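Me: I am new to this structure. Please walk me through its charged pairs.

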Amino acid sequence: HFLAGHSWNGLISRFEYTIDESLKLTAGIHLRQFRSSLKQKLTDLLGGDFYIDDYAWAIEGAQGRNPVKSVGDIIKVHNGAINPSGTFFGQIDYHRKNFNAFFSSSLTSSWYQRWDKYNYVNDVYSEVIRKSGFDVKTGVSYSPVRNHRIYANAGYFSRVPYHKYIFGNFSNVPTRNISNERVESAEIGYEFSKVPTYLRLNGYLTVWQDKNFLSNEYIQLENSTSTRALVTGLDARHSGLEAEIEHQLTRYLKLGGILSSGNWKWKNDVSAVLFNDNNTAVDTVNVYANGLYVGGTPQFIAGLTGNLMLLRKFSVSGNWIYYDKHYASFDPALRSNPGDRSQAFKIPAYSVLDLHVDFPFLMFEQQARFSLSCYNVLNDKHIIRGEDGLDHSSETFRGFWGFGRTFSFSLRISFQ
């Protein structure tokens, strides 16, 4: 029986100072402490008297530990993470009539440590690794005439790696020479807001650099043991257009629509390093990902929304969303053939219709609300995500079906 747990605690302090009627300064600190654990506990002997765990896969072996286990003992897995971090942030805002601007920045430090009571006997804690990152963001908005607004935002982020990349091969030996991921992002947009119509148009460009990935545990080393490949240095370019519109047709009926069209692709070929159980580099493989679409998320979305008020309180709302240009996720380490530039399997396009009913009323002289929802009303059969296969076809694709028609309801009471 696998048991996973984690705990979060932290402290946030925020300071605001109004310099004058147009300038405001905000600063603060955010401290966080994260701890996790994963273990496998023996809960049932299935009629036997005991269970044998000979620690054959433990890095330090048995080391005198008793291999005979009973109900309640821990077997095979017992490790966790300790990951505290701290962030200092600041922002300055400028407001003057029809013009607004802001500039913000933050600095983050994270500490990484792993403990493992199954693989190690005497010293179960790893060394502590420290990584620092930062971000800088700025934006402006301008209203040339009433009800019209144009805006632009830009940012640069240096993001520290996730804990799983620092300790990437199930041991307390950390990965060396791993870089922060860097992100450059910019957007520009237009907004119109005048009762009964709201319209927003937006274009964006995001460049990811030095993205990190861990391959699945499948690669066989010369001694027939499995390991994983750490892929670093991948770059991606995300660009796209988004639109949103809402219009109050009558006092009781509102209709809307959304549109999002993106072009997300990997931009380079890199090398992946293979590590053994001691996180020692033993080999490299080339990863040919340049020009491939980023998988895992639909890059084209279009939809219609509506809300109808009945009897002043009773409301019915719905949304129909169409998804396309959705490519399967793929393991970058499997892209080792320079002659294979085929795109990952493209998941068939699909659409989903959801309906919601909402009714407020009084219960025991308190405000209450009953809600009923039906998801996938048309019971459409579709694939929502999956992993690409060796030949990028439906035969080798592995994925997950979306839920069929599903109902849910809730009752909420607000005591005053």
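**Salt bridges, step by step**

Reply: Start with a network: salt bridges link Arg 159, Glu 181 and Lys 211. The model is a predicted one. It holds 12 salt bridges.

Me: Why is the contact of Asp 269 and Arg 341 called a salt bridge?

Reply: The N to O distance between their side chains is 2.9 Å. The cut-off is within 4 Å, for a nitrogen of Lys or Arg and a carboxyl oxygen of Asp or Glu. So Asp 269 and Arg 341 qualify as a salt bridge. The two residues are 72 residues apart. Asp 269 sits in the loop between strand S15 (253-266) and strand S16 (270-275), and Arg 341 in the loop between strand S20 (326-327) and strand S21 (346-347).

Me: What makes Asp 269 count as partly exposed?

Reply: Its relative accessible area is 33%. Buried means under 20% and exposed means over 50%. The value for Asp 269 falls in between, so the residue is partly exposed. Arg 341, at 37%, is partly exposed by the same rule.

Me: Which residues does Arg 335 pair with in salt bridges?

Reply: Arg 335 meets Asp 340 at 3.7 Å, N to O. Arg 335 also meets Asp 388 at 3.7 Å, N to O. Asp 388 lies in the loop between strand S24 (383-387) and strand S25 (398-401), and Arg 335 in the loop between S20 and S21, so this pair ties together parts 53 residues apart in sequence.

Me: Are Arg 335 and Asp 340 buried or exposed?

Reply: Both are buried. Asp 388 is buried as well.

Notes: Residues numbered from 1 in each chain as written. Predicted model: local features only at pLDDT ≥ 70, side-chain atom pairs only at ≥ 80, totals over all residues. Heavy atoms only, no water. Helix = DSSP H or I, 4+ residues; strand = E, 2+ residues; numbered from the N terminus. Buried < 20%, exposed > 50% of the residue type's maximum accessible area, 1.4 Å probe, protein only.
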